[in-house]
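Subject: Structure handover

Hello,

Here is the structure for you to look through. My notes on what was found follow below it.

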Amino acid sequence: QVQLVETGGGLVHAGGSLRLSCAASGRTFSPLAMAWYRQVPGKEREFVATIAWSGGTTYYTNSVRGRFTISRDNAKNTVYLQMNSLKPEDTAIYYCKADGKVNGYMGSYWGPGTQVTVSS
């Protein structure tokens, strides 16, 4: 089984910064990519950023490009999201997603989410 735990959410003023972390645990889990999504109540969950575990290729949604940076620590199976110049519209629950193999079988796994609130 794979468990994801997000940390680092909180309340920040507009223009401030937060750093989210997501650690994936599971003895036989081999991640291929990890990503961050976010969701506002009443709206669909939206993609924020993703990083390939091998090579570190990254991709961002347009609204966060240049402000957010996704990175990883392969040894710790942990992905980070550095969020700078935060805006009130970044307020959401942020979810970590991991795509990878467990005992050779491909699967996708989600964390429970962490709240990010940006005040104006």
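Strands β7 (residues 68-73) and β8 (residues 78-83) pair in the antiparallel sense over six bridges. Strands here are DSSP runs of E with at least two residues, helices are runs of H or I with at least four, and both are numbered from the N terminus. Two strands count as paired if DSSP finds at least two bridges between them. Isoleucine 70 has leucine 81 in β8 as its bridge partner. Four residues lie between β7 and β8, which form a hairpin, and asparagine 77 in the turn has a positive phi of about 50°.

This is a predicted model, in which local features need pLDDT of at least 70 and side-chain atom pairs count only at pLDDT 80 or more, while totals for chains, interfaces and linings use all residues. Residues are numbered from 1 along each chain as its sequence is written, and side-chain values use heavy atoms, with hydrogens and water left out.

In general, strands of a sheet pair through backbone hydrogen bonds, either parallel or antiparallel. β1 and β3 pair in the antiparallel sense over five bridges, and valine 5 has alanine 23 in β3 as its bridge partner.

The structure holds one disulfide, meaning a pair of cysteine sulfur atoms within 2.5 Å. This disulfide joins cysteine 22 to cysteine 96, with an S to S distance of 2.1 Å. Cysteine 22 is in strand β3 (residues 18-25) and cysteine 96 in strand β9 (residues 92-102), so the pair links distant parts of the chain, 74 residues apart. Why is the disulfide left-handed? The torsion about the S-S bond of cysteine 22 and cysteine 96 is about -80°. Cysteine 22 counts as buried because its relative accessibility is 0%, and cysteine 96 is buried at 0% too. Buried means under 20% relative accessible area, exposed over 50%, and partly exposed in between (1.4 Å probe, protein chains only).

Regards
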